[in-house]
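Visitor: Could you take me on a close look at a single part of this structure? I would enjoy one connected account.

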Amino acid sequence: MLSTGSNLPDSVSDKLPPKPEIGLPLWLLAELTYRCPLQCPYCSNPLDFAEQGKELTTEQWIKVFREAREMGAAQLGFSGGEPLVRQDLAELIAEARKLGFYTNLITSGIGLTEQKISDFKKAGLDHIQISFQASDEQVNNLLAGSKKAFAQKLEMARAVKAHGYPMVLNFVTHRHNIDKIDQIIELCIALEADFVELATCQFYGWAQLNRVGLLPTKEQLVSAERITNEYRAKLEAEGHPCKLIFVTPDYYEERPKACMNGWGSIFLTVTPDGTALPCHGARQMPVQFPNVRDHSMQHIWYDSFGFNRFRGYDWMPEPCRSCDEKEKDFGGCRCQAFMLTGDASNADPVCSKSEHHGVILKAREEAEHATQTIEQLAFRNERNSRLIAKS
Amino acid sequence: MSFDRSKTPTWRTGYRFQYEQAQKGHVLLYPEGMIKLNDSAALIGGLIDGQRDVAAIIAELNMQFPDVPELGEDIEQFMEVARAQHWIELA
């Protein structure tokens, strides 16, 4: 509460901005499966993915797409896990494209073939994003937990362009690969990527578990951003269409990110078992989320408890409640607040106004002295997942 | 530098112009992104078909809106911006 001496809590809530009108669910992320041939130790899937329920059927997914499209969803991402392990992927793409979605396949490239690239094109797929683990073969394969991953990715990236798709290359960067960001960018330009996402690890799921072994130092980050800006200037001077997108880890910020552009604002994720989430990290929260098997997308988006839980400003405690930046960042990320403070309503501890900001400062400090090697990270696989779910 | 109106715009590979009922307007969709177009951009965008050159687009809109004197310049400006943003290619 404000330290004005007022005993009228209503006088505070009176000052809250009105609850904004609920926006359209413009972005639908379809996590088709948690199955994946890779074992990336920074995977954003839940730690207990191996214990999750049965995957939705083809028909159930198509119903989700149809209802979301009617509500205004325009972008559809096929993700996972590795979406390519779903045998009905071409059918799902075709249905989604017919409905008018812009269809994005977000893949590791493992399991992709020229035949599939061509089949998906015929089905109407608009874009393919391939994720890399590193710019050199050895580190990439070590991180992916596969000896053939790198060569396969290169071959598939070339095939994607040869078949006339726009291509996004995604590199998750962390302390073991971020110093090679110049090589990463050079590789992406050589592969004719239209967009390059240089996404510093965000600490959810497996990445949170491995945070000490992944978070780059401040110096590493500053250097990587400087190099990226040099390449940006060079590309722009050449009129080159390749766009570099640099995502900083919020651990080095003093104000939190406007996570998902606000809770239940434009993003809707459906997980393999049909649980609908306002963001793909929200599953771990102690909030009841609806399932597409039980409810319409209309109910899920507009009426469900889970999607309304953190809309507007009424739910905010201090310091967010009286903060004049709450309409800009919405108090940051609810998942991060929950993971790091135990209460999802708290200010994201990235914010220097948070009483828990010390955990972020401690993580930065640890990054200066961390010695963990890649081999020492906990790899995302079924065995580790079951062990974690049991413990 | 004068604008060459004989060039023909095409949307860049992977960029799609379409009407969105829920937004009651036209958008440009691209990998993992979307731009909501204003009414005049939507009118111009609707005529980008890889066949019409810029002069033909101007002529077409001049017929629809004979009372807008600077229409040609507006369309040239749209083309410049769209090319700088790499939404279109002019060939």
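Guide: B:Leu43 has its place in helix α1 (residues 39-45) of chain B; helices (H or I, at least four residues) and strands (E, at least two) are DSSP runs, numbered from the N terminus. This is a predicted model, where local features need pLDDT of at least 70, side-chain atom pairs count only at pLDDT 80 or more, and totals for chains, interfaces and linings use all residues. Residues are numbered from 1 along each chain as its sequence is written, chains are lettered from A and ligands numbered from 1 in the order in which they are written, and side-chain values use heavy atoms, with hydrogens and water left out.

B:Leu43 counts as partly exposed because its relative accessibility is 35%; buried means under 20% relative accessible area, exposed over 50%, and partly exposed in between (1.4 Å probe, protein chains only).

Now to the sheet. In chain B, 3 strands form an open sheet, ordered β2-β3-β4, with antiparallel pairing; two strands pair if DSSP finds at least two bridges between them. Its edge strands, each pairing on one side only, are β2 (16-20) and β4 (33-36) of chain B. Strand β3 (residues 25-30) of chain B meets β4(B) over 4 bridges in the antiparallel sense. Across this pairing, B:Val27 stands opposite B:Lys36, and B:Tyr30 stands opposite B:Gly33. The two strands β3(B) and β4(B) form a hairpin with 2 residues between them, and B:Glu32 in the turn has a positive phi of about 60 degrees.
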